[in-house]
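Reader: I would like a close look at one part of this model, taken slowly.

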Amino acid sequence: MRKPLVAGNWKMNGSTESINKLVKGIRSGMDSVKNAGIIVCPPYVYIPAVVELLASSGIAIGAQNVAKEQLGAFTGEVSACMLKDIGCQFVIVGHSERRALFGDTNAFAAQKFAAIQQGGLTPIFCVGESLEERDTGKTEAVVQAQLEAVVELLGVAALDQSVIAYEPVWAIGTGKTASPEQAQEVHAFIRGWIAKQDKALADKIQILYGGSVKAANAKELFSQPDIDGGLIGGASLDADEFLNICKAAG
Ligand code: PEP
C-alpha cells in the first residue's frame with residue numbers, strides 16, 4: 001500500500017510576509033489531513049524560515065532545483081548537501097519549466113537526480129509531454145526517454161529512493177487538467193515500464209500527478225489506481241486550497 005503524498009511547488013512566488021502567512025495557515029489546518037504525506041517546496045532563500053516554522057510538524061521541505069556538483073567554484077549554484085544541511089529532504093528535478101527555460105535536458109536532469117541522492121536527499125523527478133507531443137502520439141516515448149536517462153546513468157534501483165511526478169506540460173499553470181483517465185493511462189505506463197525491470201519497486205514507487213490540480217478535481221484524480229497524490233503549483237499558494245487537496249489525497 002503506497003502512502004499518498006502531496007507536494008506544493010511554490011515556484012518563484014512569495015515574500016517573507018506571504019510565506020509566513022501561508023505556512024502558518026497550512027500548519028494550523030494540517031490536523032484535518034489524515035494519512036497523506038505533505039511536502040512544501042519554497043524558493044531557496046525562504047527555506048530556512050520555512051524549516052523553522054514547520055519544525056516538528058511532520059511536513060517535509062523540498063527545494064525546486066539543485067546543482068549537479070556538491071561543492072566548489074560554481075558561482076550562484078546550490079548543492080544537495082547544502083540543502084540537506086539546512087533541513088531539506090526532497091528536491092524537484094526535471095520540472096518542465098527548467099527543461100524549457102534553463103536547459104535541463106534529459107541527461108542534465110539525470111545528473112542532478114544523481115547529485116540529489118548523493119547529497120542524501122530524495123528526488124521528485126518530473127516527466128511529461130508537450131501538447132504537440134501528445135497530439136502526435138509521442139507521450140509514452142517522451143516519458144520513457146526521460147525515465148531512461150536516469151536508469152541508464154544510475155540503474156533502475158536508483159528509482160527506489162525517489163518520487164516520480166507525471167506532469168503533462170500542457171496542463172501546467174494552464175487551468176487545463178488531464179482527465180483522470182488520461183492521467184491514469186500515463187501513470188500505468190510509467191509503473192508498467194518500471195515493473196518490466198523491477199516489479200517490487202514498481203509496486204512501491206509513488207507516482208504523483210501534476211498539472212492544474214485544485215481541490216475541486218483532486219479527489220477524482222487521486223482515486224485512480226496508479227495516482228498516489230499530486231505535485232501542486234498555483235493551488236499550493238493558498239493554505240485552505242492546498243489543505244483541501246491534501247485531504248483529498250488522504
Ligand atoms: C507545477 O508547476 O509543478 C504545477 C503542477 O503547476 P500547476 O499546479 O500550477 O499547474
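At what angle do helix 10 and helix 11 pack, and how far apart are their axes?

Author: This is a predicted model, in which local features need pLDDT of at least 70, side-chain atom pairs count only at pLDDT 80 or more, and totals for chains, interfaces and linings use all residues. Residues are numbered from 1 along each chain as its sequence is written, and side-chain values use heavy atoms, with hydrogens and water left out.

Helix 10 (residues 215-222) and helix 11 (residues 239-249) pack at about 20°, with their axes 8 Å apart. Helices here are DSSP runs of H or I, at least four residues, numbered from the N terminus. Axes are lines fitted to C-alpha atoms over the stretch in contact, and angles run from 0 to 180 degrees between N-to-C directions. Helix 10 is therefore roughly parallel to helix 11, a label for angles under 35 degrees. Their crossing is right-handed, meaning that the near helix is turned clockwise from the far one by less than a right angle.

On the helix 10 side, the contact (heavy atoms within 4.5 Å) is made by A215, A218, K219 and F222. Helix 11 contributes E241, N244, I245, A248 and A249. By class, the contact of helix 10 with helix 11 has six nonpolar, one polar and two charged residues. Ala, Val, Leu, Ile, Met, Phe, Trp, Tyr, Cys and Pro count as nonpolar, Asp, Glu, Lys and Arg as charged, and the others, Gly among them, as polar.

Note on methods. Helices (H or I, at least four residues) and strands (E, at least two) are DSSP runs, numbered from the N terminus. Angles under 35 degrees count as roughly parallel, over 145 as roughly antiparallel, 65 to 115 as roughly perpendicular and the rest as oblique.
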